[in-house]
2 protein chains.
Amino acid sequence: MTTVKDTQGRDTASLVNPSAVGLVAVIVAATDGEPRALTVQVEGQARGRSDGLPAGPLVPEHPTLERGLRAWVERQTHQRLGYVEQLYTFGDRDRQGDEAHGLHTLSVAYLALVREVRPGGLAEASWRNWYRYLPWEDFREGRPPALEEIEAKLLAWAGETADPKLRRRREDRLSLTFGLFDGTWNEERVLERYELLFEAGLIPEAQGQSGAACDGAATGQPMAFDHRRVLATAIGRLRGKIKYRPVVFELMPPTFTLFQLQRTVEALSGTNLHKQNFRRLVAQQGLVEETEGVTSGATGRPARLVRFRREVLLERPAPGFRLRPAKRPA
Amino acid sequence: MTTVKDTQGRDTASLVNPSAVGLVAVIVAATDGEPRALTVQVEGQARGRSDGLPAGPLVPEHPTLERGLRAWVERQTHQRLGYVEQLYTFGDRDRQGDEAHGLHTLSVAYLALVREVRPGGLAEASWRNWYRYLPWEDFREGRPPALEEIEAKLLAWAGETADPKLRRRREDRLSLTFGLFDGTWNEERVLERYELLFEAGLIPEAQGQSGAACDGAATGQPMAFDHRRVLATAIGRLRGKIKYRPVVFELMPPTFTLFQLQRTVEALSGTNLHKQNFRRLVAQQGLVEETEGVTSGATGRPARLVRFRREVLLERPAPGFRLRPAKRPA
DNA sequence: GGCACAATGCTCATTTTGAGCATAAGTGAG
DNA sequence: CTCACTTATGCTCAAAATGAGCATTGTGCC
């Protein structure tokens with residue numbers, strides 16, 4: 001048996017202190033131009049049932065974490081997972097929402113992208129528009145109305161401290177994440193925004209917070225445990241990733257129009273894009289190839305159906321999309 | 001107490017199956033234009049002692065994983081950690097190198113960037129040029145000689161299978177990761193290259209492999225357990241990150257010249273950059289501001305000393321470097 | 001045929017890159 | 001003291017990538 005000593009000479013081989021480890025999955029699909037996550041019903045947690053992400057224990061039988069995750073998700077939801085990527089491992093003692101046993105609790109979170117939305121193997125599993133939980137993240141229809149109330153409360157939170165340094169720090173964070181003073185918005189900072197709201201006590205999941213939270217319309221629907229945090233992590237990661245890796249195609253049907261593709265990218269990023277430039281980009285990058293088919297039935301000129309060129313995965317820079325927000329006419 | 005049922009109705013609240021969890025740290029510094037990682041001596045493992053990354057158990061006392069990591073690294077190595085980021089959680093059953101106990105073993109790996117290279121609190125800890133372990137990743141002096149031998153062996157590996165589909169897949173991977181047929185090299189695919197070498201049996205750490213591995217000069221010095229894999233993950237992540245976040249500055253002294261900065265970026269990315277364009281980029285992005293000082297003593301015209309503009313962290317796109325490889329004159 | 005509505009094609013002014021040339025300012029040798 | 005050499009800095013120029021729009025082309029519907 002191998003022996004390891006850390007640099008102090010203590011034996012660390014066995015890594016004592018066994019911990020409880022769980023897996024959580026953010027399973028994403030995009031249908032009808034809306035970004036959706038697969039959710040399940042979770043009991044307990046103060047107000048009866050609430051939505052949660054599919055989660056399960058780490059099963060020792062599986063050779064790798066990812067394989068374990070694939071196995072039980074596919075069994076549980078009858079949803080075959082295509083693209084899977086590890087997101088983050090959460091281990092905060094006070095954020096897990098489950099402190100019953102003495103073990104340290106970890107959750108290893110994964111992001112999965114799936115193509116089709118089956119009705120759901122289980123009655124309790126359902127697809128939900130992810131902006132239901134994070135309404136301030138959707139800028140497709142212009143600035144989300146939820147932001148008015150949120151900004152007011154955040155400003156109040158920043159102002160409620162006497163310490164000028166702390167106050168300054170809070171204001172800097174408001175500026176950086178919500179673009180509060182300079183009107184800037186970086187769509188990738190989803191987690192930072194959520195965490196800020198959490199700290200400011202605007203997230204009901206934060207136990208022991210002052211009851212002065214938003215009424216829920218503005219700060220979205222809660223989820224069980226810290227699952228909204230996991231969801232926020234997933235969205236942020238995905239928004240970043242589509243810019244430099246062609247992962248959106250994992251969400252598209254075998255054949256689609258450029259505009260459907262654009263709608264999907266917009267759904268994920270929560271912004272609108274300039275149509276002509278978007279298609280120029282896609283064409284130029286050689287991400288798709290034309291098929292015979294065209295759309296029909298809908299109003300307007302029929303669109304050509306295209307399909308993803310799998311070969312690009314083998315080509316040089318393996319590009320994604322660099323998002324370029326369009327000015328909204330409204 | 002809360003109760004959670006998964007979608008099958010089984011109770012998953014307690015996430016049974018306790019696991020052993022360890023923390024591993026890739027602590028990076030850059031001195032004299034060389035990228036270095038902090039290593040410790042590890043006993044056991046076939047051939048006596050070998051280099052390993054600082055690792056320790058997850059201590060339940062700490063509120064978060066990151067805090068726990070910071071605490072024991074600082075205590076163990078007397079090295080204060082600045083920037084810390086979670087890298088990845090490894091949980092392969094057969095890659096951990098430690099299967100003594102029945103528990104599933106996880107390692108949560110972190111990447112840390114530090115500014116100064118203290119002589120090392122412990123005699124057993126030492127800074128090592130990271131290319132010692134991954135020599136094929138350094139293109140600063142032109143194509144690494146190690147690649148000749150590696151490519152030959154990889155081609156042989158691809159060719160040794162009869163199944164044409166598998167063979168095709170292997171060749172595609174060689175092309176994608178090592179640019180074998182199209183001469184392309186993506187410096188971020190460090191992990192993919194390492195894993196390919198591992199699968200091809202060219203990495204001594206792979207137990208039960210055919211002894212036909214490279215002699216070590218080409219495939220670098222081994223590390224304990226799967227620590228080279230962790231290191232490869234860290235390098236790949238860091239190479240990607242410096243392109244869009246100003247993290248290099250975590251490695252720089254308070255004041256430095258633009259050329260030192262360039263050397264550091266080059267050290268990390270393993271490529272050479274076009275000098276004039278590099279400084280134009282840095283200037284234009286407003287990443288640094290001038291100081292009074294200039295260098296002296298060395299040969300050549302003295303260079304102005306600059307310092308990182310911390311404010312950029314609060315500014316809009318929070319840019320990093322977009323690396324642009326320069327043509328090597330040689 | 002005439003409309004309304006998307007899908008497509010193309011233009012044009014800016015910026016952003018990639019590559020170099022030219023000059024400036026020290027050090028060390030003879 | 002001057003020349004040779006070395007590294008730091010300034011600047012130029014052509015090519016490619018972006019950001020915004022205008023113009024045309026097919027279709028389904030009165």
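This is a predicted model: local features need pLDDT of at least 70, side-chain atom pairs count only at pLDDT 80 or more; totals for chains, interfaces and linings use all residues.
Student: Within what arc do the buried residues of α7(B) fall, seen down its axis?

Tutor: The residues concerned are B:F278, B:L281 and B:V282, each of them buried in α7 of chain B. They line one face of the helix, because the view down the axis of α7(B) places them within an arc of 95°.

Student: Which residues are exposed on the other side of α7(B)?

Tutor: One face of α7(B) is lined by its buried residues, since these fall within an arc of 95°. On the other side, the exposed residues of α7(B) are B:Q276, B:R280, B:A283 and B:Q284.

Student: Which residue with a positive phi follows α7(B)?

Tutor: Helix α7 of chain B covers residues 275-284. After α7(B) comes a residue with phi near 65°, a positive value, and that residue is B:G286.

Student: Is B:D32 buried or exposed, and what is its relative accessible area?

Tutor: B:D32 lies in the loop between β1 (19-31) and β2 (34-42) of chain B. Its phi is positive, near 55°, although the residue is other than glycine. A residue counts as exposed when its relative accessible area is over 50%. B:D32 is exposed, with a relative accessible area of 68%.

Student: B:F225 also calls for attention; at what relative accessibility does it stand?

Tutor: B:F225 is not a glycine, yet it has a positive phi of about 50°. The residue is found in the loop between α4 (190-199) and α5 (227-241) of chain B. The cut-off for buried is under 20%. B:F225 counts as buried, its relative accessibility being 14%.

Student: What distance separates the C-alpha atoms of B:L53 and B:A25?

Tutor: B:L53 is placed in the loop between β3 (50-52) and β4 (55-57) of chain B, and it is buried at a relative accessible area of 1%. Beyond its neighbours within four places in sequence, B:L53 is in contact with residues including B:A25, B:V40, B:M223 and B:L231. B:L53 and B:A25 are 28 residues apart along the chain, and the separation of their C-alpha atoms is 6.4 Å.

Student: How are α6(A) and α7(A) oriented to each other?

Tutor: Two packed helices are described by the angle between their axes and the distance between the axes. Helices α6 (residues 258-269) and α7 (residues 275-284) of chain A have axes 10 Å apart and pack at an angle of about 105°. Angles of 65 to 115 degrees count as roughly perpendicular. The orientation of α6(A) and α7(A) is therefore roughly perpendicular.

Student: What is the mean pLDDT of chain A?

Tutor: Residues 1-15 of chain A keep a pLDDT under 50, whereas 81% of the residues of chain A reach 70 or more. For chain A, the mean pLDDT is 83.

Methods. Residues are numbered from 1 along each chain as its sequence is written. Chains are lettered from A and ligands numbered from 1 in the order in which they are written. Side-chain values use heavy atoms; hydrogens and water are left out. Buried means under 20% relative accessible area, exposed over 50%, partly exposed in between (1.4 Å probe, protein chains only). Helices (H or I, at least four residues) and strands (E, at least two) are DSSP runs, numbered from the N terminus. The arc is that of the directions from the helix axis to the C-beta atoms. pLDDT is the predictor's confidence in each residue, from 0 to 100. Contact means heavy atoms within 4.5 Å. Axes are lines fitted to C-alpha atoms, for helices over the stretch in contact, and angles run from 0 to 180 degrees between N-to-C directions. Angles under 35 degrees count as roughly parallel, over 145 as roughly antiparallel, 65 to 115 as roughly perpendicular and the rest as oblique.
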